Amino acid sequence: MSTAPGRTSHAQAILGPELHAQLSRTNVLMVGAGGIGCELLKNIVLTGFGNITILDLDTIDLSNLNRQFLFRKKDVKQSKALIAAQTAAPFNPNVKITPIHGNIKEPQYDVEWFKQFDIVLNALDNLDARRHVNKMCMAAEIPLVESGTAGYLGQVQPLLKDRTECFDCIPKPTPKTFPVCTIRSTPSQPIHCIVWSKSYLMGQLFGEDEDAVGELDEAEKQGENAEEIETLRKEAQAFKAVRRALRTPSPNGSSDVAKAVFDKVFNADIKNLLIMADMWKARQPPTPLDFDAIMSGTFVHRPVIVNGTTTVANGNMNSSGSTPSTSSSGTNGESSQAVLRDQRKLSLKDSLELFVSSTNRLASRLQDGEDTISFDKDDDDTLDFVTASSNLRSVAYGIEEKTQMAGNIIPAIATTNAIVSGLIVLQALHLLRKSFTKLRNVHLQFKPSVPLSSITLSNPNPSCGICRDTYATLRCDPARATLGEVVKGLMGDDEEREVSVYEDKRVLSDPDWDENYERTLESLNVTRGKFLTIVDEEGERGTIAVNLCSLPPNHPIDAPPFILPDPLPQPPRRVKPKLPVAPETPPRPTVAKDNFVEDENGVIEIDPTPRRPSRPTVTHIQTDRRVSRKRTHSVGQQSPSKKRRLDEDGLVMLDGENDRMMDDVIVIDDD
């Protein structure tokens, strides 16, 4: 242990002796050792966190060195977690750093493993891993500090179960996907060609030997064109011969192999698609590419109409729309050698030459012993192959050429990473102090006047399917424990309640289907680290999420194959929202009918209807050039409508008791 007097004096003065002493006993898990991770590891080591576990799956690339300062050129291709721990350890010899080169989603990193830590700090760069760590921290009830950067923008968000919203309380946008048939057969945008080259063609030629039948079967289930799917199946089978050729040394060199790949992908496969005439009734059909014609400069391909101008895809503009492809040329007629490689626009012939060159380089690597080659934005061979293949496919389908990136690259800036990592430590200190009122969601924004903004944290979303679940841990042997035994044990006295059981998105049972109750968890692929989710069908109780962990080493062999949590999970009762009650129609008021009484002469006296005041009229009087206004009211008459109704009934309306009827009125004597 270091006894240097000045090493911790500043940190102790700032944090106070109590918190500083607590940090030396704190177990912290840091997930990710990239741009944010390097800065964050340096910060927590110098702050005095005593026990640090750092986990990362990635290895060091050459492009990382401009901002991930814990790595050097000699470290390229080595584990980020291991090298980061080695480099940061001398910063503070009092700190113990445990590096792990692995995937945080591996089964051994279950809820029980998470519970050994006092706090988790995320420095991840993908959505799936973030969501996984968020769920594990909610289940283990461990504080989590989430973070992320994109260029000059950044965010830090502390998360704590039952006190703040979790990462999944607000739905996150999912990455855009494309239908299989669009990518394989009917591309219409440059991005379709890039995805095809990067995700499909690279894997078929240089990746693992996958027959892609499962993906096509799933696409057919989703309702995609069955005839087109069958053609794609035959195409996938034909790739096997090409794969063997790429891995077998050729006596005439590898140029023949590149030409065979080209003819298969850009000529034969396109001709097979053209056989399906129905597919091209409403869209322009593709053009098969000819290797020799392109190389000789005589290939004529379909023009692309862009904003009323006829252009040749990946070629030069002309007026007729069908000129032979030209040789490599730079901007304004300059030689292509005088233009930077990444700034030069490729002609059709350039793209074909780049395709041949990159295919030969990748084939040589396979023949030299590499098992598989996957796309890497820092690998020039794979980047050239994807660029050339995308351009050639754009030409075949008459797609407008645009500048596209073959990788999902988000710009990373060292200064942004440094600021965000500092904010992570500040929020972590608030969590360890339990100063929950001081927690803030902090944003680094592109506003020079207000570069940092902080907002108070929101409460958990009552409808969240992650942090609102009731979590428990089940120690079990999946090879012996059956689904029915586990579910009945977890339900306890409520075993008569109707529930459905899920593993992730898979339905394992429901009230009308319990065939899986007799099967073991292992046979259902429910093993260590996974969650069993029990959902109340009536919606009266909350959801139970149980994480499977290993049995203790000393568990007797003849004992039950699982240990139920104690106490059993008790999900809260849910209050069903009351349906809005329709307002009652108010009763119609009862109008009392007048009791008419006849006098001795047989006349019924009715009170006159009150007269409505008439609208005043204005009289203008001219006097000495001044106009005065005098309001007068006209005398209204009886309501003609009521008088008419009385006349129709044979009744006479009198103005008063002194009025007498005229001679033409006949009085009927009842006698």
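**Close-up views of a predicted model**

**View 1. Strands 12 and 13 are joined by three bridges.** Strand 12 (residues 499-503) and strand 13 run antiparallel, with three bridges between them. Strands here are DSSP E runs of at least two residues and helices are H or I runs of at least four, numbered from the N terminus; two strands pair if DSSP finds at least two bridges between them. Tyrosine 502 has valine 507 in strand 13 as its bridge partner. The open sheet has six strands in the order 13-12-14-15-11-16, with mixed pairing. Its edge strands, strand 13 (506-509) and strand 16 (562-563), each pair on one side only. The model is predicted: local features need pLDDT of at least 70, side-chain atom pairs count only at pLDDT 80 or more, and totals for chains, interfaces and linings use all residues. Residues are numbered from 1 along each chain as its sequence is written, and side-chain values use heavy atoms, without hydrogens and water.

**View 2. Asparagine 267 lies in helix 11 (residues 255-275).** Asparagine 267 has a relative accessible area of 17% and is therefore buried (buried: under 20%; exposed: over 50%; partly exposed: in between; 1.4 Å probe, protein chains only). Leaving out residues up to four places away in sequence, asparagine 267 touches Phe262, Pro288 and Leu289 (contact: heavy atoms within 4.5 Å).

**View 3. Helix 4 (residues 80-88) has buried residues Lys80, Ala81, Ile83, Ala84, Ala85 and Ala88.** These buried residues of helix 4 pack against helix 3 (35-47), strand 2 (51-56) and strand 3 (96-101).

**View 4. Phenylalanine 446 sits in the loop between strand 9 (440-444) and strand 10 (452-456).** Phenylalanine 446 counts as exposed because its relative accessibility is 63%.
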